[in-house]
Amino acid sequence: FFFSKMADTVDELFDVRNALLIGNFQGCITEAQKSEPSTAELKTERNVLMYRAMVAQRKFTTVKSEITADKSSDLQAVKRLATYLHKPADRAEVLATIKKQQDDGISFKNPIVANVAASILANEQNYGEALRCLHGSDYLENIALTVQLLLKLDRVDLAKKELKRLQTADEDATATQLATAWVALATGGDKIQEAYYIFQELADKYTATPLLLNGQASCYMMQGKFDEAEQLLLTALEKNSADPDTLVNLAVTSQFTGKGPEVSQRYLTQLREAAPDHPYLADLDAREAEFDRIAEQFTR
């Protein structure tokens, strides 16, 4: 998630930010390179958005080399994210830096620094500490990330309270719309269709990205419509053949659409190449190890 100040003025970076929020990473980079922000602060924010899109495209080396030591704390935060994601050996140092930031009481007043720290801790599945980084933030994307983290903790009740804050601030903002869809999905029942329409509306208004297509596919999966979900996921795969969420969901849907086990295994193999430390794989490996352990007891 990314960053914007809530203001009544015209948002010069709307197209750049919006492309990033819906997962149109190349579109974000293209719009950023075309934009000519009117202030130094906006230029920095444009660069933050652009480099975040590059990180999402796994262009870690480019981001790390272009963000030099004299750049702003906002950009240093993005560089930390690239460093964390690039090489597992560097993660301990990045996490130590975040711990120092948590303790200094100052760093997380910068919403970008707070957001990046929360994103990294969330990747570590340390959702409680991630929420601490975002506590008290009034930035739209930080509140939306708070919603997402609370849903990870199955606290739909608290997520709904944060969603109300978003809706009060800007009901039509893309971050608010996405958060509304996530909460609707987590609520289930009749709300699933509402979530589907939100993802569809965003796709129609802007462009159908893997993020939005996976959202729609998730709605279909929760309704037991696995064939329909698979069609959307195959479209997402055409747009980005290495998107982890797409590969995970295809591995699942293939088991419900009459495909042979080799199809699901193929998607998992691709996932291991694209995102070897993905939480789905960690959970799958743990389950398989537990199964093997129990099976061994019965074969002694």
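## Close-up views of salt bridges, core and loops

**View 1. Arg-165 and Asp-138 meet in a salt bridge, with 3.0 Å between their closest N and O atoms.** Arg-165 belongs to helix 10 (residues 156-170) and Asp-138 to the loop between helix 8 (127-134) and helix 9 (140-152), so this pair ties together parts 27 residues apart in sequence. A salt bridge here is a side-chain nitrogen of Lys or Arg within 4 Å of a carboxyl oxygen of Asp or Glu. Helices are DSSP runs of H or I with at least four residues (strands are runs of E with at least two), numbered from the N terminus. Arg-165 is partly exposed at 31% relative accessibility, and Asp-138 is partly exposed at 45%. For these labels, buried means under 20% relative accessible area, exposed means over 50%, and partly exposed lies in between (1.4 Å probe, protein chains only).

Before moving on, a word on how to read the views. This is a predicted model, in which local features need pLDDT of at least 70 and side-chain atom pairs count only at pLDDT 80 or more, while totals for chains, interfaces and linings use all residues. Residues are numbered from 1 along each chain as its sequence is written, and side-chain values use heavy atoms, leaving out hydrogens and water.

**View 2. Asp-277 and Arg-91 join their side chains in a salt bridge of 2.8 Å, N to O.** Asp-277 sits in the loop between helix 16 (261-274) and helix 17 (279-299), and Arg-91 in helix 6 (residues 91-104), so the pair links parts that are 186 residues apart in sequence. Is Arg-91 buried or exposed? Arg-91 is buried, at 14% relative accessible area, whereas Asp-277 is partly exposed at 43%. In total, the structure holds 14 salt bridges.

**View 3. Glu-230 pairs with Lys-259 in a salt bridge, their closest N and O atoms 3.0 Å apart.** Glu-230 is part of helix 14 (residues 226-239) and Lys-259 is in the loop between helix 15 (244-253) and helix 16, so parts 29 residues apart in sequence are tied together. Glu-230 is buried, with a relative accessible area of 7%, while Lys-259 is partly exposed at 36%. Elsewhere, salt bridges with shared partners join Asp-11, Arg-17 and Glu-45 into one network.

**View 4. The largest nonpolar core has 94 residues, and Tyr-51, Val-63, Leu-149, Leu-166 and Phe-199 have the most contacts inside it.** Helix 7 (residues 111-123) gives the most to this core, with 9 residues. Such a core is a set of buried Ala, Val, Leu, Ile, Met, Phe, Trp, Tyr and Cys residues joined through side-chain atoms within 4.5 Å. Leaving aside residues up to four places away in sequence, Tyr-51 touches Val-63, Glu-66, Ile-67, Leu-75 and Val-78; contact means heavy atoms within 4.5 Å. In soluble globular proteins, nonpolar side chains tend to be buried together.

**View 5. Gln-125 has a positive phi of about 60° although it is not a glycine.** Gln-125 lies in the loop between helix 7 and helix 8 and is partly exposed at 44% relative accessibility. Asp-154 also has a positive phi, near 60°, in a residue other than glycine. Asp-154 is in the loop between helix 9 and helix 10 and is exposed, with a relative accessible area of 65%. Most residues other than glycine have a negative phi.
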